[in-house]
Amino acid sequence: MKRKLIKQGLGGCTIYLPKKWIDKKGLKQGDEIGVRGPFGTHWPMGKTGCDVLIIAGGLGICPLRPVLCHLAQNRHLYKKMTLLYGAKTPQNILYKTDLKKWKETGLDVQVTVDNGDGHWQGHVG
């Protein structure tokens with residue numbers, strides 16, 4: 001899959017890549033690069049009776065949604081369950097209905113935004 005290179009430092013990874021890798025390769029904005037991944041391993045859902053901490057930011061919550069749904073449906077199998085989720089603005093928060101349902105099942109849902117607005121009453125930072 002070919003993608004155009006866009007140098008925009010939004011987070012730790014996008015800031016690190018341009019400085020440490022992209023510049024060394026002599027790439028410039030608009031060049032085409034190959035993209036593969038993400039690569040990872042499965043979640044050990046068979047391990048029960050323990051605390052669970054899930055940290056996600058922005059779109060990173062999307063691949064974690066099935067895990068969060070499993071945890072909510074099987075609340076009795078785990079001890080303390082915490083989700084730390086960050087988004088750029090309150091409008092960028094994904095799965096708002098799910099976040100509310102997960103909280104109702106006993107999942108400690110903590111949402112933080114980078115930029116709050118006049119209506120946001122949660123964490124900012």
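In this predicted model, strands β4 (81-87) and β5 (residues 108-113) pair in the parallel sense over six bridges, where two strands are taken to pair if DSSP finds at least two bridges between them. Strands themselves are DSSP runs of E with at least two residues, and helices are runs of H or I with at least four residues, both numbered from the N terminus. Within this pairing, Tyr85 stands opposite Val111 in β5. The chain passes from β4 through α3 to β5, and this β-α-β crossover is right-handed, a term used if, with the strands pointing away from the viewer, the path from the first strand over the helix to the second runs clockwise. Strand β5 has a covered face formed by Val109, Val111 and Val113, and an uncovered face formed by Asp108, Gln110 and Thr112.

Strand β5 is also joined to strand β6 (residues 123-124) by two bridges, and these strands run parallel; the bridge partner of Val113 in β6 is Val124. Six bridges join β3 to β4, again with the strands running parallel, and here Gly57 stands opposite Gly86 in β4. Taken together, four strands form an open sheet in the order β3-β4-β5-β6, with parallel pairing, and β3 and β6 are its edge strands, each of which pairs on one side only.

Tyr95 is found in the loop between β4 and α3 (96-104). Arg65 lies over the face of Tyr95, at 5.3 Å from the ring centre; a charge is said to sit over a ring if NZ of Lys or CZ of Arg is within 6 Å of the ring centre and within 35 degrees of the ring normal. Tyr95 is partly exposed, with a relative accessible area of 28%, and has a positive phi of about 55 degrees although it is not a glycine. For background, most residues other than glycine have a negative phi.

Considered as a whole, the protein comprises three helices and six strands, which follow the pattern β-α-β-β-α-β-α-β-β along the sequence. Of its 125 residues, 25% are buried. Among contacts (heavy atoms within 4.5 Å) between residues at least 6 apart in sequence, 63% join residues at least 24 apart. The protein exposes about 9000 Å², of which carbon and sulfur atoms supply 56%; accessible areas come from the Shrake-Rupley method with a 1.4 Å probe, and for residues only the protein chains shown count as cover.

Residues are numbered from 1 along each chain as its sequence is written, and side-chain values use heavy atoms, with hydrogens and water left out. As the model is predicted, local features need pLDDT of at least 70 and side-chain atom pairs count only at pLDDT 80 or more, while totals for chains, interfaces and linings use all residues.

Definitions and conventions. Buried < 20%, exposed > 50% of the residue type's maximum accessible area, 1.4 Å probe, protein only.
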